[in-house]
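Open your viewer and get your selection tool ready.

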Amino acid sequence: MAKLVLIRHGQSQWNLSNQFTGWVDPNLSEKGEEEAKNAGKLIKAKGIEFDQAYTSVLTRAIKTLHFALEYSDQLWVPETKSWRLNERHYGALQGLNKADTADKYGADQVHIWRRSYDVLPPAIPDDSEFSQVNDRRYAMLDPHIVPKCENLKVCLERVMPFWEDHIAPDLLAGKNVIIAAHGNSLRALTKYIEGISDEDIINLEMKTGQPVVYDFDEKLNVVNKEKLS
């Protein structure tokens, strides 16, 4: 059976300051680094060995992957980065304090923007300091592909080609795969893997730094799921 391990990045500096992050690129906090290192220790204790690693192009996920591999003695494992594994793009909310935003727009509206499956937040203007329109990481993409905002539905549509082209073929070949990414890109993958409904996915939380281990059969049906702690 092939194994897939999903890890939401450790706490970031903007998680700590309660800001909407999305495609903005803050580093891990000290706590986040410790969470990532602990993830590696848990993986090592479980005896899980990887053949391939994937992450986004955002620092907090990349560093989480590296710490997890280092502390499981597997820093040599081949690694691929993709923008398709980035966090959901929070649009014009990026950079805003979540509590202040709730005070301004109302807690119910902010909850809808954050947790609903198919409601989009306001789009980010190109001249915002938190826009990615001039970010070199995305210079090779058609400008129309770089999002102005996303909900979880759009995030899933963005992640799925990477699953189909890279992750699923690895698993079907019997490879063990680790993905260090973000709360919403991993929620999107989890929705697909587990067949979670649009209504129920709203309640799924991904804990920072916690490895979630899936065992698959030869047809990529989940035969076991375990959260390491």
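How do the residues of the lining of the second largest pocket divide into nonpolar, polar and charged? They divide into 8 nonpolar, 4 polar and 3 charged. For these classes, Ala, Val, Leu, Ile, Met, Phe, Trp, Tyr, Cys and Pro count as nonpolar, Asp, Glu, Lys and Arg as charged, and the others, Gly among them, as polar.

Before you click on, a word about the model: it is predicted, so local features need pLDDT of at least 70 and side-chain atom pairs count only at pLDDT 80 or more, while totals for chains, interfaces and linings use all residues. Residues are numbered from 1 along each chain as its sequence is written, and side-chain values use heavy atoms, with hydrogens and water left out.

**Stop 1: the second largest pocket**

Select Gln-132, Val-133, Asn-134, Pro-143 and Val-146, which lie nearest the centre of this pocket among its 15 lining residues. Its volume is about 180 Å³. A pocket here is an open set of points on a 1 Å grid over the protein atoms alone, where a 1.4 Å probe fits, with protein on both sides within 12 Å along at least five of seven lines; lining residues have an atom within 4 Å of a point. The volume is the space filled by probe spheres set on the points, with grid points joined across faces, edges and corners.

**Stop 2: the largest pocket**

Now pick Arg-8, Glu-87, Tyr-90, Lys-98 and Arg-114, the residues nearest the centre of the largest pocket, which is lined by 20 residues. This one has a volume of about 350 Å³. Its lining has 3 nonpolar, 9 polar and 8 charged residues. Colour helix H5 (107-115) and helix H7 (183-194) too: each supplies at least two lining residues, and H7 gives the most, with 3. Helices (H or I, at least four residues) are DSSP runs, numbered from the N terminus.

**Stop 3: H4 against H5**

Show Lys-98, Thr-101, Ala-102 and Tyr-105 of H4, plus Ala-107, Gln-109, Val-110, Trp-113 and Arg-114 of H5, to see the contact (heavy atoms within 4.5 Å).

**Stop 4: H6 against H7**

The H6 side of the contact includes Trp-163, and the H7 side includes Tyr-192. By class, this contact has 10 nonpolar, 2 polar and 2 charged residues.
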